[in-house]
Amino acid sequence: MSTDDESFHPLGEEWEDELESMLDDTEYDSELGMKMAQDAMRVTEGELSEAEFHDRYHEEVMEEFGEDERPTKEAYEAAQEEAKGTAASMLEKFDGDGEETRRETMKKMGVGAAAVGMGAFGTAADGPEQSLAAEKGPRQETTEESDTQWGMTIDLDRCDGCLSCMTACSQENDLDQGVNWMYVMAWEDENHSGASDGGNTDTNSQFNRLSDYNMLVRPCQHCTDAPCEKVCPTTARHTRDKDGLVLTDYDVCIGCRYCQVACPYGVNYFQWDDPDVAYEDIDGLEDPEDPDEITHAEYEHGERWVDSRAPRGVMSKCTMCPSMQDGKQGEENVGTTACETACPPDAIQFGNVKDEASDPSQHREYPTKSRAVIDINANVPSPDVVDSNVSDGDSLEAAIEAIDSTEDADLDETTVAVAKAIEIQSRDTETDPGDEENNSILEQQQTVLEFVTALEEYVDLESESARETLDLDQVDDIGNAAQIRLEQYAGDPSSFQLLEDIGTNPNVTYLGTQPGPEAHQVEGPTKYEDVDLLDKRQEYLDKETVGHVDGVSL
Amino acid sequence: MSTKEPTEADILRPINTLTKKYFILYGAAALGLVAFLIAWAYQLQQGLIVTGLGDWGSGGGSTWGLYIGAFIWWVGVAHGGIILSAAVRLLGMDRYMPIARLAEMTTIGGLSAAGFYILVHMGRPDRMVTSVIGHYHITVNNSPLVWDVTVITAYFVLSATYLGLTLRYDISRLRDDLPDMFEPVYKIMTIGYSEKEDQVIDRMVWWLAAAVIIMAPLLLHGGVIPWLFALLPAMPAWSGGIQGPMFLSIALMSAISGVMIISYAFRRAYDWDHIITDDIFRGLLLWLGFFTLLFLWFQLQANINGVFLGPTNSAVAAEAKMAHPLYQLAMGMAFLTLVYIFLQAIRPSLFSKKRALVASVAILSATLTEKILFVVEGFLHPTFDIYANTPGTYFPSAIEWLSLVGTAGLVALLFLNLSKLVPVVELHAIEHMRGDHGHSDDATEQEVEA
Ligand code: SF4
Ligand code: SF4
């Protein structure tokens, strides 16, 4: 601490250095900033009055910041707050701006205010680290806002209700019966009747919805403004700065269940009794002594235990597999989740929603094209097959025939038409999957594009006759024609988020039909019991209730 | 009415007597508390699965239940108690002076019970200190639960100070007649006492009372406690600005009823007809009627707002609540009590202390029922009401029911113990009754309500 060095600030020299380098980063005069900071501390110590402070710097500040009076005012107010010792309200100043990082806010406030603002935390007696931690609060970034935010885009029309994701999740995380972190349900409302009323009429495209049911796939939404985190009295429920995952620290949670109360989506599951899987048996706990081996238990940077099933008496919910995202389960699993990997029709697309090239972004921004890519990429022949079967001057029909007749590939006009339409539609958009892990949609799109390029070596797919064959001639403009063709094939799903008006800013986006306010769950295509899942956990919990009487309820 | 002069001996009687009835009562209260402590130990050993609680949503349960309902109910009793006592001091409602200290003790008792409920409700009570205090500087910015704990602690300190300060006056004057056994306690309580401080203390107590009254709507039951629920966007059964006034009215109803029951018991046990007079009961009954009227009015507001063309989610929640038989029962009890109070105000011959007692018990049951239902209703009809298993089921387990007995025992024990240690009626009160006779004893039979 500062007792024996020359620094003016109670947190000492180290702190000042950091402050100075921060001020250097702003476009303002850092010398002035340091001087102001010094005097601001004197104000708090009562050596200098606020008015004197204000007078002393008014002119210089005006010079530095121009006409705008705001910085000085704010600095002055900040100093006043500080003098009262209300560190909490100082913090709010930084918290309040929501989106902005602390650094940005400080730039805006000007160096003087910045210095004073930092000074406010000098009152915390536990050294720079702790003070920083104290000040950043549960949701704030320490420095720049991270450019990773894990999230999902889920295509409800592709979901066939097989419940594979639910089983995969419960295996991956060793969950108890009825703890359905991932929950899949079929629903109906007055505008959208389900399978029971004889099929759906929403989609007038060739795209076949994989089930007649309206589905909803409900993981935790990993909300950017998570109410569960806001209400937590312990900071056990927290958002990871580095990637925006909303997690529960199993070693801190006191089991008050306020997060479960505050979450509007009902995704939390409390550990009412001892979990079925003992701690030693948690999957991935190969060698508890070796931090690199600890994937599930006792985990986040080896310090916070946030993954896998919860111990007794604390809260749990979908984690979006942090041990995978952190590479603890191998590089190949970064950017995937157990449920995504398990989903047979690829309805779940997980990734960094802030990255334009990621699966969820692609799926959200270009739902029609992405659906088509996911659907046909496995069927397009490789360039080699094209090269060895097609020759110059072949007509389109002849080329398709030639490829289709080989052992290695099936091909029809629809596939070629959709592939070509994808190529046209991707001209102005990002096509490079980048080095990020598992940007599979763009990788699959590459496959499609390579096929189109190979085929176009031999056949002109944009000739009048080819366009006619491929049904790409409804309108003159080829871009529009491609869009129409893709919509014919894959539909044009609308996208939505659950309870958008509540202000949680979820990081899960859905494609498909949005359940209305009166929607209610109906029995789905696969029964929970059939895949060894328990739907109504209360049935299990009631067994242990002391003095439980069946059928009696408030 | 009684013509006896209240004396010091009267208020010292509980301290200097020991009866069989006292032991029986003490035993019963202790038994209740111990029974629950054992049940709690079992809960700690097995986990919260022994309760009737569950996960709302796909699980089909109720996250919070009787524990939280009883918690806010006890906090209500406590807050109402301190408001009552503050009002007596601040507004010069001298006729209630003999029960002011009982009201303060009710506050201490209520807060102890509420604090106990916080522990009982937690999945990991062992972490309360490290997890909550350790992150207090962060969570106090956001978490209504932390605000609650803060405010409750603050009011505990405030009430205890308040009680402690006024006790100094009594103890120093009555010291000779107090049992030597507790001498060290009295020494500590009257440390540094001199008669000169009386005036200062009077002012301090006045300011404390002023603080209680001023902060009541915001920080006590009109604000922070309902915010625990009302601020959450997705549970329509809880939301809305009406919850503040509603909670406050419930707090005052419960506290007045509680104080009436306790006063009744003391009066009976120690022949205090001339101290806790009929007049006090009549007055309290009228106040009870007044707050019950407010309460029913707020309920009406909340229901009409949901039912008449309310948004789908609040309409569903309001309709379900109104259709609940227990809700109807609770409201019916409150309403009938109101009718009785109204009638006895018109025809004083309808008043009897027994009836006042019945009215108090009816109101306490009604408010407790309302609180528990209020908590549970939130989970039954959330905005995201798609799950087949929602509304789920919840019925308190035997352990949860037992907690009511346990906390009631706890509060009873507190009174039984305190009554042997310090006078539960202020010396000031009897001095006042003697010196200013006309004012308190012959006051009008009825108090005109606002
Ligand atoms: S859905 Fe949002 S509010 Fe609910 S638990 Fe997840 S992050 Fe928290
Ligand atoms: S149950 Fe745990 S994570 Fe949830 S709010 Fe309470 S302390 Fe926080």
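This is a predicted model: local features need pLDDT of at least 70, side-chain atom pairs count only at pLDDT 80 or more; totals for chains, interfaces and linings use all residues.
Local features need pLDDT of at least 70 and side-chain atom pairs count only at pLDDT 80 or more, whereas totals for chains, interfaces and linings use all residues; side-chain values use heavy atoms, without hydrogens and water. Residues are numbered from 1 along each chain as its sequence is written, with chains lettered from A and ligands numbered from 1 in the order in which they are written.

Chain A holds an open sheet of 4 strands. The order is E8-E1-E10-E9, and the pairing is mixed. Strands (E, at least two residues) and helices (H or I, at least four) are DSSP runs, numbered from the N terminus. Two strands pair if DSSP finds at least two bridges between them. Strand E8 (348-352) and strand E9 (495-496) of chain A are the edges, each pairing on one side only.

E1(A) runs antiparallel to E8(A), and 5 bridges join them. Thr153(A) has Gln349(A) of E8(A) as its bridge partner. With E10(A), E1(A) pairs in the parallel sense over 4 bridges. Here Met152(A) stands opposite Val508(A). E9(A) and E10(A) (residues 508-511) pair in the antiparallel sense over 2 bridges. Ser495(A) faces Leu511(A) across that pairing.

Strand E1 (residues 150-155) of chain A is largely enclosed by the rest of the structure, because 6 of its 6 residues are buried. Buried means under 20% relative accessible area, exposed over 50%, and partly exposed in between (1.4 Å probe, protein chains only). In a regular strand the side chains alternate between the two faces of the sheet. Both faces of E1(A) are covered. Trp150(A), Met152(A) and Ile154(A) are buried on one side, and Gly151(A), Thr153(A) and Asp155(A) on the other.

Over all chains, the search finds 38 aromatic pairs. Rings of Phe, Tyr and Trp (its six-membered ring) pair if their centres lie within 6.5 Å; planes under 30 degrees apart count as stacked, over 60 as edge-to-face and the rest as tilted. Trp56(B) and Tyr387(B) have ring centres 6.4 Å apart and planes at 85 degrees, so this pair is edge-to-face. Trp56(B) lies in the loop between H2 and H3 of chain B, and Tyr387(B) in the loop between H15 and H16 of chain B, so the pair ties together parts 331 residues apart in sequence. Trp56(B) is buried at 1% relative accessible area. Tyr387(B) is buried as well, at 2%.

Trp64(B) and Phe379(B) also form an edge-to-face pair, 6.5 Å centre to centre with 80 degrees between the planes. This pair links distant parts of the chain: Trp64(B) is in the loop between H2 and H3 of chain B, and Phe379(B) is in helix H15 of chain B, 315 residues apart. Trp64(B) is buried at 1%, and Phe379(B) at 0%.

The whole structure contains 0 disulfides (cysteine sulfur atoms within 2.5 Å). For Cys169(A), the nearest cysteine sulfur is that of Cys318(A), 6.5 Å away. Cys169(A) is buried at 9% relative accessibility, and Cys232(A) at 10%.

A cavity is a set of points where a 1.4 Å probe fits but cannot get out; a pocket is an open set with protein on both sides within 12 Å along at least five of seven lines; lining residues have an atom within 4 Å of a point. Grid points are joined across faces, edges and corners, and a volume is the space filled by probe spheres set on the points.

The largest pocket has a volume of about 1000 Å³. Its lining has 35 residues, with Leu25(B), Ile262(B), Ala265(B), Ala412(B) and Leu416(B) nearest the centre. H16(B) gives the largest share, 11 residues. The lining divides into 25 nonpolar, 7 polar and 3 charged residues. Ala, Val, Leu, Ile, Met, Phe, Trp, Tyr, Cys and Pro count as nonpolar, Asp, Glu, Lys and Arg as charged, and the others, Gly among them, as polar.

The count of cavities of 30 Å³ or more is 12. The largest cavity holds about 150 Å³. Among its 16 lining residues, Cys256(A), Ile118(B), Met122(B), Leu145(B) and Val149(B) are closest to the centre. H7(B) supplies the largest share of this lining, 4 residues.

Notes
On a 1 Å grid over the protein atoms alone, a cavity is a set of points where a 1.4 Å probe fits but cannot get out, and a pocket is an open set with protein on both sides within 12 Å along at least five of seven lines; lining residues have an atom within 4 Å of a point.
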